[in-house]
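This briefing reviews selected side-chain features of a predicted model.

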Amino acid sequence: MMLNFLIIVVIIALAAWLGNVLIAMEKMSAQSRARVRGVRDTVGRLEITLSRLQSEEEALLKEIDRTGDEMAVLRQRQMEMQQKLTEAQSRKRPRILILSDRRNPGDKEWLVTVANPQIREVEAGHPLAQEWVLGRDYLVWASGEKEAGTRALRRFSARPGYAVKKVAAAREDLFQTSRPAAS
């Protein structure tokens, strides 16, 4: 009988131990199911986010293509405008500027061409850069050719690169002033 009793106690202890193992397994299984549910929810949110990001990517790629096309068109227009500007700058304008309005009674009119070949290095985009490289004509009143060149040099000497290219007497009276008639 004692042996039966011991067997019954061992069976009860074994059943209690198995019950505890089953409870622990149930807890672990519940935790695993909760983790699986959490992962599924996270995967679902990630799939939704991925889908949204893919649609945004497609929209951005379309925008990039449109912008690229617009940039190509604008670059073409810019090149055309630059070419027109270069052509316009390369044409020498028949324009004479007055260096100074100071004039002595015995002075003659001189056309002095002042050029600056270095201007392209400093301000290549300036609209008058090409004109400065070719030279700009100034009307100068002076008693002689040397004095006309000196006056022009004094006007531009503070800036580097400017030089008198040519000094020539004006062929006609370019700047007529009303002088009192000699009586």
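Leucine 18 has a relative accessible area of 42% and is therefore partly exposed. Its position is in helix 1, which spans residues 2-90. The model is a predicted one.

**Nonpolar surface**
- Leu18 belongs to a nonpolar surface patch that also contains Leu14, Trp17, Val21, Met25 and Met28.
- Together, the residues of this patch expose about 600 Å² of accessible area.

**Aromatic contacts**
- The structure contains 2 aromatic pairs.
- One of them is the stacked pair of phenylalanine 156 and tyrosine 162, at 5.3 Å centre to centre and with 25° between the planes.
- Phenylalanine 156 is buried at 4% relative accessible area, and tyrosine 162 is likewise counted as buried at 18%.
- Arginine 155 is placed over the face of phenylalanine 156, 5.0 Å from the ring centre.

**Salt bridges**
- The count of salt bridges is 5.
- Glutamate 26 and arginine 33 form one with an N to O distance of 3.2 Å; glutamate 26 is partly exposed at 47%, as is arginine 33 at 41%.
- Glutamate 63 and arginine 66 form another, with their closest N and O atoms 3.1 Å apart; they lie 3 residues apart in helix 1, so about one helical turn separates them.
- Arginine 151 and aspartate 107 meet at 4.0 Å, N to O. This pair links distant parts of the chain, 44 residues apart: arginine 151 lies in helix 4 and aspartate 107 in the loop between strand 1 and strand 2.
- Aspartate 107 is buried, with a relative accessible area of 10%.
- Through shared partners, salt bridges connect Asp107, Glu147 and Arg151 into one network.

How values were computed: Residues numbered from 1 in each chain as written. Predicted model: local features only at pLDDT ≥ 70, side-chain atom pairs only at ≥ 80, totals over all residues. Heavy atoms only, no water. Patch = residues over 30% accessible without salt bridge, like charges linked within 9 Å, V, L, I, M, F, W, Y side chains within 5 Å. Areas by Shrake-Rupley, 256 points an atom, 1.4 Å probe, with all protein chains shown as cover. Salt bridge = Lys/Arg side-chain N within 4 Å of Asp/Glu carboxyl O. Helix = DSSP H or I, 4+ residues; strand = E, 2+ residues; numbered from the N terminus. Buried < 20%, exposed > 50% of the residue type's maximum accessible area, 1.4 Å probe, protein only. Phe/Tyr/Trp six-rings, centres within 6.5 Å; stacked < 30°, edge-to-face > 60°. Lys NZ or Arg CZ within 6 Å of the ring centre and 35° of its normal.
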